[in-house]
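Let's walk through a protein model together, one question at a time. Have the viewer open and follow along.

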Amino acid sequence: EQLVFAATDGVAGREVFRSDGTAPGTVLFAEVGVGGSGSNPTDLTILGADLYFAADEIATGRELWRKTPAALTLVANLVDPGSSNPRELTPFLGEIFFLGDDAGGNLELWRTNGTGPGTSLVTDLTALSGFTEHGALAVAAGRLLVVLADSANQTGAVWSSDGTPGG
């Protein structure tokens, strides 16, 4: 078994490492910010044999990445130019669901099978709720729970989804 985590080694910048619990078995696993710039990976989430995470890259901004046993790939550049700021990566129905921003900075619910063509908008949460700030995802009783909060108005809401745009 291996542990994956974000760390800085003084050479690569903040990137994804993996470890078997020993010093020699702790190695750089995924380097998005090549050349020591670091990509500040967050939301490290495993689905099957693949690792998904959000990371900064000069050409694409902060987007969703996938590390398979064979390759490291950008899943999709959802906001170009700019960043979709993927967060709350959550495995559900064999895919990754996540919150991200659209080009206008509105909060959206997305899903991906790990490919660009397999990444799609589930629902526009800002249009649905009016909330643009904070969100969280969780899975319970076979449903995806979407929790939204607006700190300015001190309000919040919880939605349950089957993972489809209508559900």
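The questions below go from the overall chain to single side chains.

This is a predicted model, in which local features need pLDDT of at least 70 and side-chain atom pairs count only at pLDDT 80 or more, while totals for chains, interfaces and linings use all residues. Residues are numbered from 1 along each chain as its sequence is written, and side-chain values use heavy atoms, with hydrogens and water left out.

Q: How many helices and strands does the protein chain have?
A: Helices (H or I, at least four residues) and strands (E, at least two) are DSSP runs, numbered from the N terminus. Counted that way, the protein chain comes to 1 helix and 14 strands.

Q: What radius of gyration does the protein chain have?
A: The radius is taken over C-alpha atoms, and the globule rule is 2.2 Å times the number of residues to the power 0.38. For 167 residues, a compact globule would be near 15 Å. The C-alpha atoms fill a box of roughly 50 × 35 × 35 Å along the principal axes.

Q: What percentage of the residues of the protein chain count as buried?
A: Buried means under 20% relative accessible area, exposed over 50%, and partly exposed in between (1.4 Å probe, protein chains only). Of the 167 residues, the buried share is 40%.

Q: Which residue pairs with F5, and is the pair stacked or edge-to-face?
A: Rings of Phe, Tyr and Trp (its six-membered ring) pair if their centres lie within 6.5 Å; planes under 30 degrees apart count as stacked, over 60 as edge-to-face and the rest as tilted. The structure holds 3 aromatic pairs. In one of them, the ring centres of F5 and its partner are 6.2 Å apart with planes at 20 degrees, so the pair is stacked, and the partner is F17.

Q: What is the angle between the planes of F98 and W110?
A: F98 lies in strand β9 and W110 in strand β10 (residues 107–112), so this pair also links parts 12 residues apart in sequence. Both residues are buried. Their centres are 6.5 Å apart and the pair is stacked, with an angle of 10 degrees.

Q: Which residue has its charged end over the ring of F29?
A: A charge sits over a ring if NZ of Lys or CZ of Arg is within 6 Å of the ring centre and within 35 degrees of the ring normal. Here the charged end is 4.8 Å from the centre of the F29 ring, and it belongs to K67.

Q: Which side chains make polar contacts with the side chain of D101?
A: D101 lies in strand β9 (residues 95–101) and is buried, with a relative accessible area of 11%. A polar contact is a pair of N or O atoms within 3.5 Å; within protein, one must be able to donate a hydrogen and the other to accept it, and residues adjacent in sequence count only if both atoms are side-chain atoms. At 3.1 Å the partner is N85, and at 2.9 Å the partner is R87.

Q: Which side chain makes a polar contact with the side chain of E95?
A: E95 is also placed in strand β9 and is buried at 16% relative accessible area. The polar contact has a distance of 2.5 Å, and the partner is R111.
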